[in-house]
Amino acid sequence: VEEEGGEDKRKRNFLKRLVEASVHITPSGSGVFIGMEGGGAMFLTCAHCLEGDCDCVDGDDDNDDDFNPPPLLGRVVDVVTSTGLTFSGRCVAVDVEKDVALLRYDGEGWEDVE
């Protein structure tokens, strides 16, 4: 049985859950909570969000060809939830060519998330 306004209520609930799942990756980026895996909260983001202040140059303008930026896999970044909770997420998988990365947080605060 469809109630009047039922579709609008579903849309509002969907948008509410989407906002709750959204996170900010510092210094500038975004991501989304995708679920729990082995007791850890998993977040999907863009690989370029993990680069932070690494412009892939070492400050030596004469010889930037030999500069290798630190790897993204294993990198730890700050993650801020829509409610203001801030924690460190560690990159556990990355595909730079597809510009996707998976972050994991093993601390408290996400145990009851569906």
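Reader: How many disulfides does the count come to?

Author: The count comes to zero disulfides. Keep in mind that this is a predicted model.

Reader: Why is cysteine 46 called partly exposed?

Author: Buried means under 20% relative accessible area, and exposed means over 50%. Cysteine 46 has 29% relative accessibility, so it counts as partly exposed.

Reader: Is cysteine 91 buried or exposed, and how do you know?

Author: Cysteine 91 has a relative accessible area of 1%. The cut-off for buried is under 20%, so cysteine 91 is buried. Cysteine 91 stands opposite leucine 103 in β6.

Reader: How much of the protein chain is buried?

Author: Buried residues make up 26% of its 114 residues. The protein chain exposes about 7,900 Å². Carbon and sulfur atoms supply 50% of that area.

Reader: How are the six strands of the barrel arranged?

Author: They form a closed barrel that runs β1-β2-β3-β6-β5-β4, with antiparallel pairing. The twist averages 45° from one strand to the next.

Reader: How do you know that β3 and β6 pair?

Author: Count the bridges. Two strands pair if there are at least two bridges between them. Five bridges join β3 (residues 40-45) to β6 (residues 100-105), so these strands pair. They run antiparallel. Methionine 42 stands opposite arginine 104 in β6.

Reader: What makes β5 a partner of β6?

Author: The rule asks for at least two bridges. Five bridges join β5 (residues 86-95) to β6, so they pair as well. These strands also run antiparallel. Valine 94 stands opposite alanine 101 in β6. The hairpin of β5 and β6 has four residues between the strands. In this hairpin, aspartate 99 takes a positive phi near 60°.

Reader: Where does helix α1 lie?

Author: α1 lies across β1 (22-25) and β2 (30-37). It runs at about 25° to β1.

Reader: Why is the contact of lysine 16 and glutamate 20 called a salt bridge?

Author: Side chains of opposite charge can pair when their charged atoms come close. The cut-off from nitrogen to carboxyl oxygen is 4 Å. Lysine 16 and glutamate 20 meet at 3.1 Å, N to O, so the pair qualifies. Both residues lie in helix α1 (residues 6-21). They are four residues apart, about one turn of the helix. Glutamate 20 has a relative accessible area of 41%, so it is partly exposed.

Reader: How do you know that aspartate 106 and arginine 104 form a salt bridge?

Author: Their side chains meet at 2.6 Å, N to O. The distance is within 4 Å, so this is a salt bridge. A search of the whole structure finds two salt bridges.

Reader: Why is arginine 104 called buried?

Author: Its relative accessible area is 18%. Buried means under 20%, so arginine 104 is buried.

Conventions: Residues are numbered from 1 along each chain as its sequence is written. This is a predicted model: local features need pLDDT of at least 70, side-chain atom pairs count only at pLDDT 80 or more; totals for chains, interfaces and linings use all residues. Side-chain values use heavy atoms; hydrogens and water are left out. Buried means under 20% relative accessible area, exposed over 50%, partly exposed in between (1.4 Å probe, protein chains only). Accessible areas come from the Shrake-Rupley method with a 1.4 Å probe; for residues, only the protein chains shown count as cover. Helices (H or I, at least four residues) and strands (E, at least two) are DSSP runs, numbered from the N terminus. Axes are lines fitted to C-alpha atoms, for helices over the stretch in contact, and angles run from 0 to 180 degrees between N-to-C directions. Contact means heavy atoms within 4.5 Å. A disulfide is a pair of cysteine sulfur atoms within 2.5 Å.
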